Amino acid sequence: MTILIAALAACGVFLILWTIFEALLMPLPKDDTYLLVYLRGDAGRVEQHMRACDWLRERRGVRGRVLFVDDGLDAEARHAAERFVAQEPALYLCGSGEEYTILESWKRGAGDP
């Protein structure tokens, strides 16, 4: 029993040190970073992917904009994606084929699509 507790404590210390190491040494992207995400599937999957990308942006230091591309969403998933994007100004949703035009306008500093 003592060996098990010691092993679990060692694993806990290792995980804490790993988290600190990652936080200190992980390079953070600049403000002009763009995350391009192609969405397909049903509403549940789409919302899960969008929440994960928003979590990366908010809590993991990805400070740029996120562009979601409709790549075969059904009507319910498209509606869920539009609702999610409307809540945050750094998230955008576009149709397939529009993404490169929007990215180019962002690179030139033209602002919102």
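Modeller: Two strands are said to pair if DSSP finds at least two bridges between them. The model is a predicted one, and in it the bridge partner of Phe68 in E3 is Leu93.

Biologist: How do you know that E2 and E3 are paired strands?

Modeller: The criterion asks for at least two bridges, and five bridges join E2 to E3. The two strands therefore count as a pair, and they run parallel.

Biologist: What makes E1 and E3 edge strands?

Modeller: Three strands form an open sheet with parallel pairing, in the order E1-E2-E3. E1 and E3 (91-95) each have a single partner strand, so one side of each lacks a neighbour in the sheet. From one strand to the next, the twist averages 25 degrees.

Biologist: Which helices pack on this sheet, and at what angles?

Modeller: H2 lies across E1, E2 and E3 and runs at about 165 degrees to E1. H3 also touches E1, E2 and E3, and its direction makes about 150 degrees with that of E3.

Biologist: What makes up the largest nonpolar core?

Modeller: This core has 15 residues, of which Leu39, Val46, Met50 and Phe68 touch the most other members. Two or more residues come from each of strand E1 (34-41), helix H2 (43-59), strand E2 (65-73) and helix H3 (75-86). H3 gives the largest share, five residues.

Biologist: Which residues does Val46 touch beyond four places away in sequence?

Modeller: Val46 is in contact with Leu39, Arg40, Gly41, Leu73, Ala77 and Ala81. A second, separate core of six residues includes Tyr92, Cys94, Ile102 and Leu103.

Biologist: How many disulfides does the structure contain?

Modeller: A disulfide is a covalent bond between the sulfur atoms of two cysteines. The search of the whole structure finds zero disulfides.

Biologist: Why is the pair of Phe14 and Trp18 called tilted?

Modeller: Their ring centres are 6.2 Å apart, and a pair requires centres within 6.5 Å. The planes make 35 degrees, whereas stacked rings need under 30 and edge-to-face rings over 60; the pair is therefore tilted. Phe14 and Trp18 are four residues apart in helix H1 (residues 2-25), so about one helical turn separates them.

Biologist: How do you know that Trp18 and Phe21 also form a pair?

Modeller: Their centres lie 6.1 Å apart, within the 6.5 Å limit, so the rings pair. An angle of 45 degrees between the planes makes this pair tilted. Both residues lie in helix H1, three residues apart, about one turn of the helix. Two aromatic pairs are found in the whole structure, and ring pairs link Phe14, Trp18 and Phe21 into a cluster.

Technical notes: Residues numbered from 1 in each chain as written. Predicted model: local features only at pLDDT ≥ 70, side-chain atom pairs only at ≥ 80, totals over all residues. Heavy atoms only, no water. Disulfide = S-S within 2.5 Å. Core = buried A, V, L, I, M, F, W, Y, C linked by side-chain atoms within 4.5 Å. Buried < 20%, exposed > 50% of the residue type's maximum accessible area, 1.4 Å probe, protein only. Contact = heavy atoms within 4.5 Å. Phe/Tyr/Trp six-rings, centres within 6.5 Å; stacked < 30°, edge-to-face > 60°. Axes fitted to C-alpha atoms, helices over the stretch in contact; angles between N-to-C directions.
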